[in-house]
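Please go through this model with me, point by point. Keep the sequence and the 3D view open as you read.

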Amino acid sequence: SIERQFSAFKRGFSRLCGGPVLQLFRPEELEQLICGSPELDFEALEMHTQYDDGYTADSTVIRTFWVVVHSLSEEDKKKLLFFATGSDRVPIKGLGNLPFVISRNGEHSDRLPTAHTCFNHLLLPDYNSEETLRERLMTAINNAEGFGLM
């Protein structure tokens, strides 16, 4: 039985989040508050992304970036989200409400994309092919470590 473990969890949860306000939420709302939205709507993220340092939504590398992103598996999309934001969880109101910025980070090169996770800011070199962009992006997201808080 897990009664002992659950009781300890319940006591800790109640200590941090208890009180009358907890009664305002349905169980599924509490789950969303704690776990985030399960829906990875990268179409909404694309529509609301801002661009900087010479990139626009019509820049070739940006169009290629979104082609690559939309072709990723759900697991790789979570990795990208973690790489760019520091969390693989979707905000409560969805990815369309995530302030996300992609900036140009120099010419085509061997450098990997980088990110300022506190600002949801992806720095993307101006890669000259889809293959290069895909390979560098996958290398970056598959080797992201963060602070080990997950």
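1. F6 and F9 both sit in helix α1, 3 residues apart, so about one helical turn separates them. Keep in mind that the model is predicted. The rings of F6 and F9 form an aromatic pair of the tilted kind. Their centres are 6.2 Å apart, with 40 degrees between the planes.

2. How do F6 and F9 stand towards the surface? F6 has 47% relative accessibility, so F6 counts as partly exposed. F9 reaches 53%, so F9 is exposed. The line between the two classes is drawn at 50%. F6 and F9 also belong to one aromatic cluster, together with F13.

3. Now a second ring pair, F65 and W66. Their centres are 5.0 Å apart and their planes meet at 75 degrees, so this pair is edge-to-face. F65 and W66 are both buried. In total, the structure holds 3 aromatic pairs. A pair of aromatic rings is described by two things: the distance of the centres and the angle of the planes.

4. Back to helix α1 as a whole. How far does α1 reach from its first C-alpha to its last? The span is 20 Å for 15 residues. That is close to the 21 Å expected at 1.5 Å a residue. Just after α1 comes G19, with a positive phi of about 110 degrees.

5. Further along is L24. L24 lies in the loop between α1 (3-17) and α2 (27-35). Is L24 buried or exposed? L24 counts as exposed because its relative accessibility is 66%. L24 is also part of a nonpolar surface patch of about 570 Å².

6. Next, the charged side chains. How many salt bridges does a search of the whole structure find? The search finds 10. Side chains of opposite charge can pair when their charged atoms come close. R26, E28 and E29 are linked in a network of salt bridges.

7. Look at E74 and K77. Their side chains meet in a salt bridge, at 3.9 Å from N to O. The cut-off is 4 Å, so this pair still counts. Both residues lie in helix α5 (residues 74-85). They are 3 residues apart, about one turn of the helix. E74 is partly exposed because its relative accessibility is 46%. K77 has 9%, so K77 counts as buried.

8. R104 pairs with E107, and their closest N and O atoms are 2.5 Å apart. R104 is partly exposed, since its relative accessible area is 27%. E107 is exposed, at 53%. R136 and E135 also meet in a salt bridge, at 2.5 Å from N to O. R136 has a relative accessible area of 12%, so R136 is buried. E135 has 40% relative accessibility and counts as partly exposed.

9. Check the loop between β1 (50-52) and α4 (60-71), where S59 is found. What does the side chain of S59 reach? The side chain of S59 reaches the backbone nitrogen of T56, at 2.8 Å. S59 counts as buried because its relative accessibility is 14%. D53 lies in the loop between β1 and α4 too. D53 is not a glycine, yet has a positive phi of about 60 degrees. D53 is partly exposed, with a relative accessible area of 48%.

10. N120 sits in the loop between β3 (114-116) and β4 (121-126). Its phi is positive, about 55 degrees, although N120 is not a glycine. Is N120 buried or exposed? N120 is buried because its relative accessibility is 12%, and the cut-off for buried is under 20%.

How values were computed
Residues numbered from 1 in each chain as written. Predicted model: local features only at pLDDT ≥ 70, side-chain atom pairs only at ≥ 80, totals over all residues. Heavy atoms only, no water. Patch = residues over 30% accessible without salt bridge, like charges linked within 9 Å, V, L, I, M, F, W, Y side chains within 5 Å. Areas by Shrake-Rupley, 256 points an atom, 1.4 Å probe, with all protein chains shown as cover. Helix = DSSP H or I, 4+ residues; strand = E, 2+ residues; numbered from the N terminus. Buried < 20%, exposed > 50% of the residue type's maximum accessible area, 1.4 Å probe, protein only. Phe/Tyr/Trp six-rings, centres within 6.5 Å; stacked < 30°, edge-to-face > 60°. Expected span 1.5 Å × (residues − 1). Polar contact = N/O pair within 3.5 Å; in protein donor to acceptor, adjacent residues only side chain to side chain.
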